[in-house]
Amino acid sequence: MDKHDYRHWAHKAADWGADYHETIAERPVRPQVSPGNFAGMFGATPPEAAEPMEEIFADFERIVPGGLTHWQHPRFFAYFPANAAPASMIADQLATAMAAQCMLWQTAPVATEMEIAMVDWLRQSFGLPDTFRGVLQDTASSATACAVLTMRERALGWKGIEDGLAGGPQLRIYASPENHSSIDKAVRIAGIGQKNLVKVRSGPDRGMDPEALAQAIAEDRAAGHLPAGVIACVGGTGVNAIDPVARIVEVAHAEDLYCHVDAAWAGAAMICPEFRHFWEGAAEADSVVVNPHKWLGAQFECSVHFVRDPAALIRSVGLRPDYLQTLGADEVTNFNEWSLVLGRRFRALKVWFLLRAYGLEGLRTRIRNHVAWAERAAARVAAVPGLEITTEPVLGLFSFAHTGGDAVTAELIEALNNDGGIYLTQTQVDGRFVIRFAVGQFDTTEADIDAGCDLITTYAGKVG
Ligand code: PLP
């Protein structure tokens with residue numbers, strides 16, 4: 001394949017993408033396949049001789065689209081959405097065409113300076129103060145891992161990165177039981193260990209109890225442990241639990257602990273001033289992560305990681321060997337030093353396209369609609385005989401269950417997902433198996449919500 005072929009196939013890929021999006025609603029949201037379905041389709045050995053692009057593309061069309069769960073489907077109500085607004089997809093195509101490597105300022109000067117500007121646009125969009133700087137990480141998991149490493153190093157006086165952790169104090173990190181598993185993963189890979197992640201008791205509204213946090217820290221100090229940081233959650237993945245961030249930051253800072261806020265999904269809603277009470281206090285935290293690749297519409301991957309003290313982050317995860325120096329410009333921003341990885345894609349471009357193509361007002365309208373439609377959907381589901389709401393809508397998410405018990409609820413979700421007209425996922429609420437309904441896909445309309453509720457009504461009458 002040469003440069004001329006690239007033009008031809010790039011056009012073909014763009015046409016294919018447009019057709020895919022125009023017809024996506026006709027596809028089942030989740031493919032009806034079993035594990036191992038595709039394993040034998042790729043040939044056991046790599047080809048020795050070049051194959052024509054016609055054949056490669058034909059195989060792509062034959063194998064891939066029918067084997068995907070369609071995250072851009074308007075009746076995708078599972079997990080949290082991973083939206084790709086068309087303008088951000090175009091930006092990502094351009095980024096792919098340029099294939100820039102944005103590890104240093106000098107390897108991508110405009111990308112670095114655009115990233116600084118886009119982080120600041122996002123900061124303003126979410127109503128955060130200008131004391132925050134930031135970086136576009138690949139995922140919230142990476143941002144949280146960076147935050148936990150910063151907590152660890154700050155608590156150890158930056159000795160862990162040199163000496164390792166052997167023989168050191170037992171570090172402790174605090175989070176609510178509703179926090180995402182990326183926090184568990186971060187404490188594991190930071191060498192702190194799962195048993196040193198203290199899951200602080202939550203109150204009746206599922207938010208972390210600040211008094212219980214203060215008590216846990218005091219008990220740990222008395223036991224000779226070394227408290228290092230607290231992670232507050234705004235929008236837990238299960239049922240959107242919201243921690244009282246202002247109180248938690250207050251407790252953390254009174255104890256001289258670093259406080260990180262995970263608002264991976266719910267943070268996008270903070271572009272609407274009326275929802276900012278959900279994270280009141282985030283402005284005082286040491287770092288905050290929000291995923292524009294979830295609800296906001298920036299094509300995956302795109303996670304904005306705001307930090308109050310970039311120097312602490314860089315000191316914890318950054319390295320500058322000889323071959324990464326920018327001669328004569330030591331003070332430029334080199335975003336690899338803010339990240340776990342060296343190589344970085346040109347993520348700022350999709351944020352630039354997204355915010356300009358829809359404007360904050362356009363994005364706010366979508367989020368406000370989703371929140372209103374989640375409330376409407378919950379009211380409809382509550383009226384279905386045999387179903388009950390298990391957690392009321394918080395922003396775009398609520399959960400429900402069958403009154404017949406866990407086995408019937410499991411039967412219901414299986415039947416709905418096998419139908420293909422809708423896709424939902426499950427979680428546990430107070431030991432009960434429940435179904436989550438997450439509204440937030442970029443192209444969802446009110447008619448899609450109605451169609452989803454109709455299906456739920458139909459299948460609720462058939463199970464049990
Ligand atoms: N935090 C929360 C609350 C989440 O819901 C998720 C993913 O759904 C994450 C973190 C991890 O996000 P990512 O896939 O960007 O690492």
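1. Rings of Phe, Tyr and Trp (the six-membered ring for Trp) are taken to pair if their centres lie within 6.5 Å; planes under 30 degrees apart count as stacked, those over 60 as edge-to-face and the rest as tilted. By this rule the structure holds 19 aromatic pairs. One of them joins Phe126 and Trp279, edge-to-face, at 6.3 Å centre to centre and with 90° between the planes. This pair links distant parts of the chain, 153 residues apart: Phe126 belongs to the loop between α4 and β1, and Trp279 to the loop between β5 and β6 (287–290).

2. On the basis of the note: this is a predicted model, in which local features need pLDDT of at least 70 and side-chain atom pairs count only at pLDDT 80 or more, while totals for chains, interfaces and linings use all residues. Residues are numbered from 1 along each chain as its sequence is written, and side-chain values use heavy atoms, with hydrogens and water left out. Helices (H or I, at least four residues) and strands (E, at least two) are DSSP runs, numbered from the N terminus.

3. Elsewhere, ring pairs link Trp9, Trp16, Tyr20, Phe57 and Phe60 into a cluster.

4. An open sheet of 7 strands has the order β1-β7-β6-β5-β4-β2-β3, with mixed pairing; two strands pair if DSSP finds at least two bridges between them. Its edge strands, each pairing on one side only, are β1 (133–137) and β3 (197–199). From one strand to the next the twist averages 20°. Strands β4 (residues 226–233) and β5 (residues 258–262) run parallel and are joined by 5 bridges. Ile231 stands opposite His260 in β5.

5. Two helices touch this sheet, contact meaning heavy atoms within 4.5 Å. Angles run from 0 to 180 degrees between N-to-C directions, the axes being lines fitted to C-alpha atoms, for helices over the stretch in contact. Helix α4 (residues 109–125) lies across β1 and β7 (303–307) and runs at about 105° to β1. Helix α7 (residues 181–189) packs on the sheet and touches β2 (171–175), β3, β4 and β5, its direction making about 150° with that of β3.

6. Helix α13 (residues 406–419) has 14 residues and should span 20 Å at 1.5 Å a residue, which agrees with the 20 Å between its end C-alpha atoms; the expected span is 1.5 Å times one less than the number of residues. Its buried residues are Val408, Thr409, Leu412, Ile413, Leu416 and Asn417. Seen down the axis of α13, these fall within an arc of 165°, so they line one face of the helix; the arc is that of the directions from the helix axis to the C-beta atoms. Their cover includes β8 (387–394), β9 (397–402), β10 (425–429), β11 (432–438) and α14 (446–460). Gly420, which follows α13, has a positive phi near 90°.

7. Strand β11 is mostly covered, with 6 of its 7 residues buried. It runs antiparallel to β9, to which 4 bridges join it, and Phe400 stands opposite Ile435 in β11. Strands β10 and β11 also pair in the antiparallel sense, over 5 bridges; the bridge partner of Gln426 in β11 is Ile435. The two strands β10 and β11 form a hairpin with 2 residues between them, and Asp430 in the turn has a positive phi of about 50°.

Definitions and conventions
Buried < 20%, exposed > 50% of the residue type's maximum accessible area, 1.4 Å probe, protein only.
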